[in-house]
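Here is a briefing on a structure. Please look over the sequence and the coordinates before reading the points below.

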Amino acid sequence: MNTLKNISTKALYAAAILATGLFETSCEGLLDTKPQGMFTEEQIGDEEALDLMTSAYATLLNHYFGNNESFAGPINNWVFDVRSDDALKGGDGVTMEGYIHQLEVGNVQSDNQVVAYKWRNNYFSISRCNTAIRGILASKTISDDEKSSLVAEMKTLRAYYYFDMLRIYAKFPYFDETVVNPSECRADEYSRDQIAEFIKEDLRNSYEDLPDIQEEVGRFNRYVAAALLARVALFTSDWAEVEEYANYVISSHQYELYPQFSGHVEARVQQPV
Amino acid sequence: MKKAIFSTVWLFAAIMAQAQHITVQGTVLSKTGGEPLVGATVICEAIQNGTTTDINGNFTFSVPEGAILKFSYIGFNSTEAKAAPEMTIRLEENSEVLDNVVVVGYQVVRKADLTGAVSVMDMKKPLSENSGNIMGSMAGRLPGVNVVPDAAPGGTGSIRIRGMSTANSSNDPLYIIDGVPTDNINCINPGDIESMQVLKDAASASIYGSRAANGVVIITTKQGKGDRMAVRVNYAASIQTIANRYDLLDANQWGEVYWTAARNSHLTPSHVLYGNGETPVLQQFAGGNPNFPTTNTDWQDEVYRTAMTNNLSASVSNSTEKGSVLFSLNYFNQDGNIEETFYERYSARVNSRYDLGKYVSVGENLMVAYWKNRGADVAGDRGIPFMAISQHPALPVRGLDGSWARPLELIASDVANPVQIIDNAKDNDYASWRMLGNAYLEVKPFNDLTIKTNIGIEHSQYFNHTLGRTVNPGDVNSVSDVYGQGDTWTWTNTANYSKSFARKHHLTALLGTEAIGYTFRDLSASREGYDFEDSDYMQIGAGTGTRTNGGGKTQWAVFSLFGKIDYNYADRYLASFTIRRDENSRFAKGYRAGVFPAFSLAWRPTQEAFFPQNDILSDLKIRYSWGENGNANIPSLYPAYSTYIFNTGNGAYDISGTNSSTTSGITLASTGNPELKWETTSQHNIGADIRLFRGALGVSVDYYIKKTRNMLTIPPALDVAGENASMWLNTGSMENKGWEVSISYISPEYGDFSWNGALNVSHYKNRLLALNSRQKFIGGDQRLIPGEPMGVYYGYVCDGIFQNDAEVAGHATQDGAAPGRLIYRDIDDNGVIDDNDRCIIGDPNPDLSMSLNLTFKYKGLALDMFFAGDFGFDIQNHMKRQLLSMSYGNLSTNRGVEILNAWTPTHTDTDIPALSLTDDNNESRFSTYYVEDGSYMKMKYLKLSYALPDTSSRK
């Protein structure tokens, strides 16, 4: 009798352990961990397209932390002044910020930081523009008119960055939002003239689609597109186009020049952001 | 004729007598404990045959009457006896041979049965230093295990087993404490460790499958033992000092050197501390401020101190046939060598076990530790040691009124006053808790089967309160609090079946499941703007300025199934086969599972009947193993997902033109790879364990080849793909080959004197086989280059110093070349010194690692010494840039005394280039000038001890 009790107790213990062991085999939920505090592509809905635009605009603030933004930020071109007689590098000898010395003496090495980071910062900005355009076009809640206006804003911004690439680099890849895998683009696919034409075409189209005044003043309007187009046309020596679009901006009387050249720097310092 | 018949009968009788066998029924027991010895060998030379004892220590053997039987068992002294129908043999334990069981993969196995490469840490040898962490004592003890301890108070360090298997993910081994896997072994009181094994080859480690690619360290904590209560008290105190300090210039020498350097650079010498005359004149006051008279400060002296460590342990343990319990307490207090740094820990442990009858037992191990510590920033240019070296000697620590000397104000130097930095941080409060424990239930439904369920938990939490006091006027002060909490639970179920058939066949089978879950949460807050800087006021809530907060959560989980079969035939042929299937939450569904098989074989020729019994070779085991392990320990916990965030940093823009706030935009935070899978390491190991001269000399040799494939790396993406476009990929492979030799010797007793020693020698060669399809190499000064060992140094070759203009002219075009400047070799012979003149200039992986442990005993005295060394590797001497050049970094920083030996046209017999304030020759570029041979050998400890005779201390 006792042995029977013994065996049954032992069997009970053993069975309990085995049962719990088998229970564990259905642990799928345990393994489906998801990133916390972040969201995935599937969660980006229609409203988020506007937020993608905000981050594209944010590239104008020059904050790509760690990518040498002081010297080679997306809109930062002051170091190039050493290439002419505007400025000397100075500092403690040729090795201090040596890559700027390379720009100064015209002996730019392939690992020059300004060259590398400018490329990177501009393309990071272009990729934010392209992502925003794709997000806008895919949205189902935004009306078509609104879409063309928003896309025009992004195309203007993108045109600015490609223009920056055009005046710094001899050859670089050009791709718009329809290109799925930019890593496969070649730098020699288009000639400089072709790329300049793409830029101006984007700006002309944006000029058509953008409103004169934007409710959110941080956004680009028609005058921005026109002014940029005039600038690009100046670079490509298309004098007629320069005159046309520059006059459009000047004659609107929406803008005027600063009384002193330093004015455009002072204004930024006064406004806290 | 009569004689013939008589002799025939006699012969016949003799034959009959000889053919008269008796059946011996005997038992072999251990002399000390009386427990039966399973698998002890019984050999009868006369008939060239033998047998082994069964699970009860019994044997049956048919031998000629009166034959001599020899009994032997690993760890015991052999003995001989004459055959008799009933025999009980008691074997004496060979006390010099260490514990003969090891814990390997959910089982306890006899060392003799091991078919894999396992290093056992001798816990009876003195622990190397008064350290709160067992890692310090492991350094150099185990062949193939490289330990780099950390000297900071409470510092941890790292362990590398058999080279480095992987490039991007962690190279840390898996730690198992009492069956519970954990990430670090930091708070474990070394006095609580009963045994420690390191599983080095794939076959032993593969039972731990997915996280064992870098080896496994198994720690078992002490249980109550013996049959009476034991009380142990241990106190150790030690003192630490900085062994070597840098020899720096004093205030007067500095001025002279600076003046020479300025002239060499064609500049007019002038400095705020030394005036601007023909010769440097140390000004009376620093920066013209009468509150700060110039002096000669030894900054290293100000910052370092001699530090004391106290380690107090007490334990009570008891054990009976019903169960056992061990309770131990430990207080550890270590002051750091940098002022105000310390580590103080209280820990308690309760280990108990209770047998509910013969078939069920329960038990638990629990450790609770609480510690406070304060460290100092020691890394790089902004660390305390570097600040102490580079701070100008003429500056005082404080002004006459007691205020801090601020180098930024006084001499426009951005190297802060290190004593002020330490003082500002002296109220930082970092406190942590850690609880690590497990509870188990073990059932033996019938004799050969054991079923066990084990639940382990680990809870750790920390609260770090950091005060950011002002250094210079205009700074904003701040307080930052961070709270973090991590919880890990492990649930393991195993069934262990062990059976012997026909005396000679022993079979053990293991089947198990394991589930592990980990969650980490943290919360941080900081505020700026405190009117008072005393520690009672500086709490988060009191700040009046900008507020920031953050926090998040991460988790991962692992689920596994595993099985193992061991077969042992007459202790001669051993085989084992393991398989484990792991699913890791890091990878996406469909790629989660990894299957890791392994097998190992061993042969003990000395157990063969044909092997002659001799006094020289008493045991020989030859083993081979092959297995695969996995690794998924990358920093990212969700590498399969592409994630986005609302970016409040560089993705925020004032789109509404408010002039006071910004709107956050969406940016891509990381690109995911849903096809990411396991990194796998496969390893071949062949080895032999030899015991000679009745166990006095033991030799162990191993040779291994380890290959890692599908290495987890995160190669860079092209910039045109946008930001954060790079993702984790399985690319690349790595190979490690090496050998380990371990020799131990125990001398016979020469009267009252005896000695023993252990020598470990090991070598490994590491080679990166392939990287990825996009990069030819990764890194700058230290590189990962396919075909080379990991981390090779890459730079220019320095060929000495230009002695005159003719040498400069005759050399390739080098920007900045001049007499007194370093010569760089034109490697590609194109006449110009540029980037292409770099090559591999050093290898940080040692050619040979060695350690030697000697113990001499005379009566109660014992003298222990331990030497360890690594040979044939290069190290980078980055300090040379600061110490031997006037142009590196901030020009007002201090330099080494050796700089007085710099090259001048009249003093050319030196390696140090001429003094200069401008680095026109780019001499801070990485070259052989900064690479040195790092080979060393050091005596890690020398210990003299005396043990009181037994009777006086046993009450």
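In which sense do strand β40 and β43(B) pair, and over how many bridges? Strand β40 (residues 792-795) of chain B and β43(B) pair in the antiparallel sense, over three bridges. This is a predicted model: local features need pLDDT of at least 70, side-chain atom pairs count only at pLDDT 80 or more, and totals for chains, interfaces and linings use all residues. Residues are numbered from 1 along each chain as its sequence is written, while chains are lettered from A and ligands numbered from 1 in the order in which they are written.

**The open sheet of chain B**

- Four strands of chain B form an open sheet, in the order β38-β39-β40-β43. The pairing is antiparallel. (Two strands pair if DSSP finds at least two bridges between them; strands are DSSP runs of E with at least two residues, helices are runs of H or I with at least four, and both are numbered from the N terminus.)
- The edge strands are β38 (778-779) and β43 (839-842) of chain B. Each pairs on one side only.
- Tyr793(B) has Gly842(B), in β43(B), as its bridge partner.

**The two domains of chain A**

- Chain A is divided into domain 1 (37-140) and domain 2 (143-273). Such bounds come from an automatic or database domain assignment.
- Taken over C-alpha atoms, the centres of domain 1 and domain 2 of chain A are separated by 17 Å.
- In chain A, 15 residues of domain 1 are in contact with 15 residues of domain 2. (Contact: C-beta atoms, placed from the backbone, lie within 7 Å.)
- On the side of domain 1 of chain A that touches domain 2 of chain A, α3 (48-57) and α6 (113-138) of chain A each supply at least two residues. The largest share of that side, 11 residues, comes from α6(A).
- That side divides into 10 nonpolar, three polar and two charged residues. (Ala, Val, Leu, Ile, Met, Phe, Trp, Tyr, Cys and Pro count as nonpolar; Asp, Glu, Lys and Arg as charged; the others, Gly among them, as polar.)

**Chain B against chain A**

- 62 residues of chain B are in contact with 54 residues of chain A.
- Strands of chain B that each supply at least two residues of the side touching chain A include β23 (449-468), β26 (547-569) and β30 (643-653).
- β30(B) gives the most to that side, with 10 residues.
- The side of chain B that touches chain A divides into 25 nonpolar, 28 polar and nine charged residues.
- Strand β1 (residues 39-40) of chain A is joined to β30(B) by two bridges. These strands run antiparallel.
- Phe39(A) has Tyr644(B), in β30(B), as its bridge partner.

Conventions:
Two residues are in contact if their C-beta atoms, placed from the backbone, lie within 7 Å.
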